[in-house]
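Subject: Structure for your review

Dear colleague,

Please find below the structure that I am handing over to you.

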Amino acid sequence: RQTGTVETDAEKHDVEYLTPISIGTPPQDLIVDFDTGSSDLWVFSTEMAAKDIKGQAVYDPNNSSTSEKLQGSTWQITYGDGSSSSGDVYLDTVTIGNLTVPNQAVEAAKKVSDEFTDDPNNDGLLGLGFSSINTVQPTPQNTFFDNVKKNLDTPLFTTDLKHGAPGSYNFGYIDPAAYIGNISWTPVDNSQGFWGFTSPGYAVGTETLRNHSISGIADTGTTLLLLPKSIVKAYYSEVQGAQYDSSQGGYVFPCSPTPPDFVFGVNNGIVTVPGDMVLYAPIDSANQNCFGGIQSDTGIGFSIFGDVALKTSFVVFDAGGLQLGWAAK
Ligand SMILES: O=C(Cc1ccccc1)Nn1cnc2ccccc21
């Protein structure tokens with residue numbers, strides 16, 4: 001039985017968290033976005049057109065003595081923000097920290113959309129969602145976590161994302177030094193392939209929790225906290241000068257004073273998103289107005305507890321108990 005840990009670095013404004021992995025023999029090092037909101041492990045590869053690669057590291061299956069083409073298999077994924085990629089599939093050895101999976105499905109990109117080409121630091125994605133939504137055809141493949149979990153002390157991983165500082169993903173154990181107080185546990189609905197859960201309510205600032213069921217997913221691949229329009233309006237009604245700016249595609253408000261905290265329930269506990277985390281990023285060079293870290297989930301069909309929510313907490317993604325644990329830190 002094993003456990004593992006790997007450090008993840010926050011990009012500017014914590015827009016994404018990038019984590020090192022190794023693929024093949026000899027090991028090829030890439031840095032990818034660990035994404036609990038999807039379930040494909042795909043990487044930039046030597047099968048792509050040179051014009052679509054701008055600074056990323058690429059996986060070369062021909063340079064790995066352990067790669068084996070999964071004949072006839074292809075993949076194609078489109079994310080909620082419209083970005084997309086596609087290609088073919090190899091089985092190869094993948095190592096994260098001290099954990100190795102010998103025959104992991106590695107999805108080699110042949111095409112990626114501009115959002116990925118224009119993100120030089122990101123060499124691909126490692127899905128940590130449920131394997132039921134893996135896009136490989138004709139036979140969907142297992143995620144790294146699904147393949148490694150039989151070797152783990154316990155089938156869970158934890159996230160400890162931070163604001164503008166390296167965080168960590170741990171596999172197979174809960175580090176008691178990584179959080180304070182108690183872990184609030186809530187059941188996971190994985191029927192859509194996501195780490196879905198329902199929060200019982202929310203509060204703005206120091207008010208008492210309002211009963212309002214919020215069904216959403218814990219998604220490290222989404223930057224912001226995307227909530228029902230009514231809650232977003234209630235929150236920004238308490239932020240001086242806040243307004244919906246269609247040119248920015250969301251609520252913006254003066255970067256000072258610090259806006260109120262946003263609190264959401266997890267079972268009988270609460271998670272507090274400090275006001276200064278709702279100040280997602282300045283939209284002008286004078287840093288006068290800021291884009292909000294809380295925006296509407298309209299059109300998605302569920303809420304998304306992205307990095308703005310996750311980086312406030314130590315979160316346990318427990319596939320054994322099919323539950324999520326949230327703790328302060
Ligand atoms: O796509 C989204 C956010 C989103 C926006 C609008 C509707 C639904 C969801 N997150 N995401 C989760 N994993 C991702 C991977 C790449 C890009 C975005 C990714």
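The notes below take up the ligand, the pocket and then some features of the backbone. Please bear in mind that this is a predicted model.

The ligand

The ligand sits in the largest pocket. Around the ligand are Asp35, Tyr79, Gly80, Asp81, Ser83, Phe116, Leu125, Asp219, Gly221, Thr222, Ile300 and Ile304. By class, this shell comprises 5 nonpolar, 4 polar and 3 charged residues.

With Thr222 the side chain is involved: one of its N or O atoms is 2.7 Å from a nitrogen atom of the ligand. As for surface, the ligand taken alone exposes 430 Å², and the protein buries 79% of that.

The pocket

Rolling a probe the size of a water molecule over the atoms shows where empty space is left. The largest pocket holds about 1,000 Å³ of space. Its lining is made up of 37 residues, and those nearest the centre of the pocket are Tyr79, Gly80, Asp81, Gly221 and Thr222. Each of these five also belongs to the residues that surround the ligand.

Strand 3 (28-35), strand 5 (68-78) and helix 1 (114-117) each contribute at least two residues to the lining. Sorted by class, the lining has 16 nonpolar, 13 polar and 8 charged residues.

The backbone

Most residues other than glycine have a negative phi, and most peptide bonds are trans.

- The peptide bond from Thr25 to Pro26 is cis, its omega being near -10°. Pro26 belongs to the loop that joins strand 2 (17-23) to strand 3.
- A cis peptide bond also runs from Ser256 to Pro257, with omega near 5°. Pro257 is found in the loop between strand 16 (250-254) and strand 17 (262-266).
- His13 is not a glycine, yet its phi is positive, at about 60°. The loop between strand 1 (4-10) and strand 2 contains His13.

With kind regards

How values were computed. Residues numbered from 1 in each chain as written. Predicted model: local features only at pLDDT ≥ 70, side-chain atom pairs only at ≥ 80, totals over all residues. Heavy atoms only, no water. Near = heavy atom within 4 Å. Polar contact = N/O pair within 3.5 Å; in protein donor to acceptor, adjacent residues only side chain to side chain. Areas by Shrake-Rupley, 256 points an atom, 1.4 Å probe, with all protein chains shown as cover. 1 Å grid on protein atoms, 1.4 Å probe; cavity = no way out; pocket = protein on both sides within 12 Å on 5 of 7 lines; lining within 4 Å. Sits in = over half its atoms within 2 Å of the grid points. Nonpolar A, V, L, I, M, F, W, Y, C, P; charged D, E, K, R; others polar. Points joined across faces, edges and corners; volume = space filled by probe spheres on them. Helix = DSSP H or I, 4+ residues; strand = E, 2+ residues; numbered from the N terminus.
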